[in-house]
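Dear colleague,

I am handing over the structure below, and after it I set out what was found. Please read the notes with the coordinates open beside them.

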Protein chains: 2
Amino acid sequence: MTAPLHEPHPARPGRALPDTQAGMRRRNLARVMHTVSAEGPLSRAAVASRIGLTRAAVSTLVDELIRSGLLQELGPERPGRVGRPGSALAVSGRGPAGVGAEVGVDHLAACVVDLRGQVRARAVRHGTNRGRSAEPVAKDLTALISQVVAEAEQQGLWPAGLSVAVPGLIARDGRTVVRAPNLDWHDTDLGALLPAEFTPTVDNEANFGALAELWLGESTPRDFLHVSAEIGIGAAVVVDGRLLRGTRGFAGELGHVPVEPEGPACPCGGRGCLEQYAGEEAVLRAAGLEPGEGRVGLLATRAEAGDERVRRALSDAGTALGIALTGAVNLLDPQTVVLGGALASLAPWLLPSLEAELARRTAGPACPVSVSRLGPQGPLLGAAHSVVRAVLDDPAAVAERR
Amino acid sequence: MTAPLHEPHPARPGRALPDTQAGMRRRNLARVMHTVSAEGPLSRAAVASRIGLTRAAVSTLVDELIRSGLLQELGPERPGRVGRPGSALAVSGRGPAGVGAEVGVDHLAACVVDLRGQVRARAVRHGTNRGRSAEPVAKDLTALISQVVAEAEQQGLWPAGLSVAVPGLIARDGRTVVRAPNLDWHDTDLGALLPAEFTPTVDNEANFGALAELWLGESTPRDFLHVSAEIGIGAAVVVDGRLLRGTRGFAGELGHVPVEPEGPACPCGGRGCLEQYAGEEAVLRAAGLEPGEGRVGLLATRAEAGDERVRRALSDAGTALGIALTGAVNLLDPQTVVLGGALASLAPWLLPSLEAELARRTAGPACPVSVSRLGPQGPLLGAAHSVVRAVLDDPAAVAERR
């Protein structure tokens with residue numbers, strides 16, 4: 001039986017494995033991995049009771065996972081506990097690991113995350129990618145990836161897959177950048193330019209940001225709308241712990257929701273889109289600043305210092321976000337809205353007007369808004385963790401592959 | 001093992017049955033039912049080849065489904081086909097059936113649909129329910145339900161469940177009408193007022209309309225946005241063949257997406273909501289007509305006759321729908337938008353401006369818009385079919401119940 005380690009978009013849990021004895025074994029291996037990952041260290045007996053299988057069945061599964069290097073035994077549990085001591089199981093800190101990478105408008109980054117969720121290697125390269133073609137960018141990114149993978153290999157890890165976050169619309173093939181306006185890329189097969197031995201997949205940065213929030217955020221619910229921004233404004237819709245991707249993979253384009261039907265023209269073809277009011281360039285213009293690298297930091301510094309023009313620009317952006325989010329909340333009824341990406345650091349000046357707008361447009365209690373702690377780290381971490389999740393979701397595929 | 005025949009919201013496919021031998025058997029029973037339902041009549045061998053199980057395994061499952069009255073044998077297949085003749089299997093036209101009911105603002109309705117999807121009994125009661133409390137409405141509805149069930153029983157059918165469509169927000173408990181502004185119901189436990197022996201569940205009419213489109217529409221995709229209207233404007237989001245319900249069950253409130261941020265106040269608490277431009281009352285007002293029963297028909301008649309004021313009112317409503325739908329399409333990236341409910345009959349005058357707005361606000365190809373053939377029949381049919389689908393999704397539960 002062959003099952004791809006990655007789906008085209010790696011981070012879709014709930015994929016149906018075949019409903020046969022072999023499929024059941026695969027799913028039960030995944031259950032053991034997820035249980036130990038979420039609650040470990042655990043004894044075999046504790047795993048058995050949590051997933052509702054017999055101790056004998058669990059032992060067979062555990063032995064297989066230890067042989068594949070996915071689980072490890074920590075030795076007998078400390079005395080003082082009730083009952084016969086068992087050997088505690090933990091997810092391995094060696095073996096397969098997830099490689100994440102990020103193409104930002106003004107930086108590149110790569111990292112390696114082990115199955116325990118720890119970042120074990122990381123590298124960043126600053127410098128604008130605006131107007132550079134995909135080939136040299138992919139070459140630079142590949143060099144960063146090779147660097148972090150080499151570091152990880154010295155620690156006994158090996159790459160189980162590579163996910164790359166890009167600020168643009170990605171086709172559902174998980175490799176083609178259909179449109180990345182701030183990089184000026186169109187219909188670019190980025191997957192083909194990345195190291196094939198790592199089975200790369202490409203996804204939108206806002207999607208990876210939302211997944212990072214789902215997997216790593218503190219008490220993030222399973223239904224939320226994640227809003228993020230680098231230069232554009234992206235969003236991702238998470239429903240029952242799954243990313244809503246849309247037919248073409250383009251869902252979450254909050255930046256092009258009309259806020260003023262006859263407002264300024266937008267390059268997307270629309271008028272009065274949210275990005276014309278709350279996108280980085282619109283806010284910089286309103287604040288009287290020139291666009292350029294590191295401008296979000298400058299906005300925060302000036303707002304902090306009490307610059308009235310900057311504060312007004314951010315407050316107006318918050319109002320526009322509040323109008324667009326009212327529509328989104330009415331359509332999706334999420335449990336919360338999470339502000340992530342670069343927006344997170346501007347939250348103190350965006351939130352008051354944003355929340356006021358949501359509240360005044362809602363008869364009942366308004367949808368709560370929270371601020372991501374991951375901020376701009378979200379997409380890179382989400383990319384690496386999506387590979388880790390794919391291993392936990394189908395550990396048998398890793399064993400077959402190695 | 002007990003499994004409820006209905007979930008609180010009956011029409012959620014993909015519910016995880018336990019991953020055990022017994023669970024596998026249950027899922028395989030469902031596969032056989034769905035295969036015969038979609039493609040029957042079929043021989044046992046044809047079913048086996050379609051679902052990838054052995055002929056022997058399928059025969060055991062089929063025998064069980066025949067004993068429960070869910071499948072029937074039609075006798076040997078007609079000669080002239082290649083190979084040894086097998087006995088063709090069909091879904092039973094007797095036995096369990098779905099009961100659907102509808103509370104409209106100006107009517108009540110009930111029907112019974114058999115497992116083959118045929119409407120076998122139907123009853124309607126005209127007259128306004130505006131301002132009536134839930135008790136007398138539920139009493140009248142129960143009388144209609146009893147009438148269609150009695151008719152169905154004379155045909156050898158028995159009610160496997162009851163689903164009721166209501167124009168309002170329904171809690172995820174599947175029984176409480178949280179808010180139905182046009183009935184003036186608030187936090188009304190409608191489930192408690194309906195005949196308990198049919199295990200009633202209550203859902204929003206737009207949700208049932210969308211499910212009817214998914215199940216009964218011609219070549220409806222599995223990702224679409226369904227827009228419907230009786231007095232309010234509702235929508236339902238279907239993603240990969242599933243209804244997106246939202247945290248509280250309130251998703252799909254397209255009518256309260258802001259279209260003009262500083263437009264007229266809306267009872268929802270917002271301003272410039274779509275309903276203020278494209279809701280039935282707003283359109284009647286713009287057309288110079290008084291609100292009242294059967295007004296949608298009057299709008300259609302006058303528009304047909306060339307009444308310029310009516311045509312302009314409908315065209316403006318189409319523009320407002322186009323603006324709100326641009327936002328929804330950007331967020332959800334559906335394959336199509338389907339106009340259903342009362343709107344369907346007004347499509348000739350709404351669609352041109354609606355589609356023009358979508359096209360001018362979209363850089364690439366605009367999301368296609370189609371018109372439901374079910375129109376105002378959708379919610380009632382969707383309600384009855386949701387019970388039928390629940391039987392197909394877990395036939396073992398019916399057998400245990402009867």
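**Cis prolines and positive phi**

P41(B) sits in the loop that runs between α1 (21-39) and α2 (44-51) of chain B, where helices (H or I, at least four residues) and strands (E, at least two) are DSSP runs numbered from the N terminus. This is a predicted model, in which local features need pLDDT of at least 70 and side-chain atom pairs count only at pLDDT 80 or more, while totals for chains, interfaces and linings use all residues. Residues are numbered from 1 along each chain as its sequence is written, and chains are lettered from A and ligands numbered from 1 in the order in which they are written.

The peptide bond leading from G40(B) into P41(B) is cis, with omega near 0°. In chain A, the bond from G40(A) to P41(A) is cis, with omega near 0°, and P41(A) is found in the loop between α1 and α2 (44-51) of that chain. As background, most residues other than glycine have a negative phi, and most peptide bonds are trans.

Several residues of chain B that are not glycine deserve a look for their phi. D187(B) has a positive phi of about 45° and is placed in strand β9 of chain B; it counts as exposed because there are 9 C-beta neighbours inside 10 Å. For the burial terms, a residue is buried if 20 or more other C-beta atoms lie within 10 Å of its own, exposed if 12 or fewer, and partly exposed in between, with C-beta atoms placed from the backbone. D240(B), in the loop between β12 and β13 of chain B, has a phi near 50°, and its 14 C-beta neighbours inside 10 Å are why it counts as partly exposed.

**Sheets of chain B**

Three strands form an open sheet in the order β7-β8-β9 of chain B, with antiparallel pairing; strands pair if DSSP finds at least two bridges between them. Because β7 (169-170) and β9 (185-189) of chain B stand at the edges with a single partner strand each, one side of each is left without a neighbour in the sheet. β7(B) is joined by two bridges to the antiparallel strand β8 (residues 176-180) of chain B, and I170(B) stands opposite V177(B) there.

A further open sheet, of five strands with mixed pairing, has the order β13-β12-β11-β14-β15 in chain B. Its edge strands, β13 (242-244) and β15 (369-371) of chain B, each pair on one side only.

Strand β3 (residues 95-103) of chain B is mostly covered, with nine of its nine residues buried. β3(B) pairs over seven bridges in the parallel sense with strand β6 (residues 157-166) of chain B, where V99(B) stands opposite L162(B). With strand β4 (residues 107-114) of chain B, β3(B) pairs in the antiparallel sense over seven bridges, and the bridge partner of A101(B) in β4(B) is A110(B). A hairpin of three residues joins β3(B) to β4(B).

**Helices**

Helix α9 (residues 308-332) of chain B has 25 residues and reaches 35 Å from its first C-alpha to its last, close to the 36 Å expected at 1.5 Å a residue, the expected span being 1.5 Å times one less than the number of residues. Of the 25 residues of α9(B), 19 are buried.

N204(A) lies in strand β10 (residues 200-204) of chain A and is buried, with 28 other C-beta atoms within 10 Å. Leaving aside neighbours within four places in sequence, N204(A) is in contact with V166(A), G168(A), L169(A), I170(A) and G234(A), contact meaning that the C-beta atoms of two residues, placed from the backbone, lie within 7 Å.

The contact between the chains takes 38 residues from chain A and 38 residues from chain B. On the side of chain A that touches chain B, α1 (21-39), β12 (233-239) and α9 (308-332) of chain A each supply at least two residues, and the largest share, seven residues, comes from α9(A).

With best wishes
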